[in-house]
Every structure is written in C-alpha cells, then in structure tokens.
Amino acid sequence: MFTDARSKRVILVAHCLFNQNAKLDRCAFYPGAIREAAQTILDSGAGIVQMPCPETLCLGLDRGTDPVVQPSVEEEDTRIAGEMGLSQARVRMVTMAGELAFQVEEYQKHGFEVLGVVGINGSPTCAVEHTWYDGAEQEGPGAFIAVLQEILEERGISLPMRGIRAARPDEAVESLRGLLDYDPL
C-alpha cells in the first residue's frame with residue numbers, strides 16, 4: 001500500500017509557519033509563510049500537516065483584543081496566555097491535540113515516518129522551548145504544545161519537537177534541517 005511517489009515522511013507544523021495572517025496583530029514577520037522555513041520543509045520532500053491555530057479557534061482572529069486600548073504585544077501575549085489557560089480553551093485544545101494524535105497514529109500505522117513537530121517559540125500557545133506567560137518569556141512549552149505533548153504521551157507516541165522564530169530565519173532553517181535530517185542539494 002502507498003507505493004507511489006510519496007515520500008512517506010511527514011512533519012507537523014504550527015499553523016502560522018505557513019500562514020502569518022493568523023498571527024496576533026503586530027506579530028507577523030512575513031506577508032504569508034515564513035519563507036525560509038517553508039522552503040526548507042518543501043525542499044526536504046516531507047509532507048506537511050499544518051496544525052490548527054489554537055488561538056484563532058479559541059479566541060478568534062483578533063484574539064478578543066480591544067481595538068480602542070492598543071495594548072503592547074507583551075500585554076496581549078500575557079492576556080492570551082491567561083485566556084488559553086481557562087477550561088473552555090483547554091477543552092478545545094484537547095480536542096485539537098487528539099485529532100492530531102490520531103493523524104500521527106494513522107501515518108505510523110501505515111509505515112510513514114513522522115519527523116516531529118515544529119512550533120513557534122515566544123508564542124503563548126505554540127512555543128516548544130520558550131513560551132510567554134505571566135508577563136515574561138519563560139522556558140517551557142506553550143499551552144497547546146503542552147496539551148499535545150500530554151496527549152501524545154498518553155498514546156505512547158514520542159516525537160521530537162523544535163521551536164523556531166520567524167525573526168531568526170537562519171536559526172529556524174538550521175533547526176529544521178536537524179529535524180528533517182536534511183542535506184541541501
């Protein structure tokens with residue numbers, strides 16, 4: 001089964017890696033995709049599972065920001081981190097993470113290599129190594145990545161995870177190449 005041209009290699013990526021339009025206002029570094037990171041993944045031949053944007057699905061595209069107040073990005077990230085910690089958001093994140101875990105299981109069941117998860121460091125939800133919480137950047141995963149790790153662990157799935165930053169494209173490419181086991185042509 002699956003004996004055609006597909007690589008049988010897939011990677012899960014944060015939604016905003018391929019769609020900066022989903023970012024919090026004043027946080028997009030590109031008009032569309034994070035170009036260098038996206039190209040690195042495409043060049044590797046891996047299939048892409050674009051994870052849902054938990055902030056958009058839980059809080060809306062504007063994240064419930066008051067347009068009159070114009071808070072700083074740091075204030076908004078702090079507010080968003082708090083909102084994503086509420087039970088209603090957690091229930092939605094558990095559902096999203098469960099759906100992703102099912103996809104991973106399906107790929108693995110059929111002999112595909114799931115290369116890992118790429119998050120966005122600094123995000124209150126999709127960070128892997130450095131998140132935003134309690135008014136400051138802190139070590140650890142964002143709210144959604146933490147839930148995803150929990151669900152994967154419950155199902156006995158271990159995947160490498162890396163966080164990248166759009167503002168640091170060279171570092172992002174190097175991190176991705178390590179995850180993709182990729183040698184440029």
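Student: How many bridges join strand β4 to strand β5?
Tutor: Strands here are DSSP runs of E with at least two residues, while helices are runs of H or I with at least four, and both are numbered from the N terminus. Two strands pair if DSSP finds at least two bridges between them. Strand β4 (residues 130-133) and strand β5 (residues 136-139) run antiparallel, and the number of bridges joining them is four.

Student: Before we go on, what kind of model is this?
Tutor: Residues are numbered from 1 along each chain as its sequence is written, and side-chain values use heavy atoms, with hydrogens and water left out. Local features need pLDDT of at least 70, side-chain atom pairs count only at pLDDT 80 or more, and totals for chains, interfaces and linings use all residues; what you have is a predicted model.

Student: Back to that hairpin: which residue in it takes a positive phi?
Tutor: To get your bearings, find T131, which has Q138 in β5 as its bridge partner. The hairpin of β4 and β5 has two residues between the strands, and the residue with a positive phi, near 55°, is D134.

Student: How far apart are the end C-alpha atoms of helix α5?
Tutor: The expected span of a helix is 1.5 Å times one less than its number of residues. Helix α5 (residues 87-109) has 23 residues, so it should span 33 Å. The model agrees with that, as the end C-alpha atoms are apart by 32 Å.

Student: Is F112 buried or partly exposed?
Tutor: Buried means under 20% relative accessible area, exposed over 50%, and partly exposed in between (1.4 Å probe, protein chains only). F2 has 29%, so F2 counts as partly exposed. F112 has 11%, so F112 is buried.

Student: What sort of aromatic pair do F2 and F112 make?
Tutor: Rings of Phe, Tyr and Trp (its six-membered ring) pair if their centres lie within 6.5 Å; planes under 30 degrees apart are stacked, over 60 edge-to-face, and the rest tilted. F2 lies in the segment before β1 and F112 in the loop between α5 and β3, so the pair ties together parts 110 residues apart in sequence. Their ring centres are 5.5 Å apart and their planes at 75°, so the pair is edge-to-face.

Student: And which residues form the aromatic cluster?
Tutor: Searching the whole structure turns up two aromatic pairs. The members of the one cluster are F2, Y107 and F112.

Student: How many disulfides does the count come to?
Tutor: A disulfide is a pair of cysteine sulfur atoms within 2.5 Å. The sulfur of C126 is 6.4 Å from the closest cysteine sulfur, in C53, which is too far for a bond. With that rule, the count of disulfides is zero.

Student: Which residues does T56 touch, leaving out those up to four places away in sequence?
Tutor: T56 is found in helix α3 and, at 25% relative accessibility, counts as partly exposed. Leaving out residues up to four places away in sequence, it touches A22, L61 and R63.

Student: Last one: what is the phi of R26 near?
Tutor: R26 lies in the loop between α1 (15-18) and α2, and with 46% relative accessibility it is partly exposed. This residue is not a glycine, yet its phi is positive, near 75°.

Conventions. Contact means heavy atoms within 4.5 Å.
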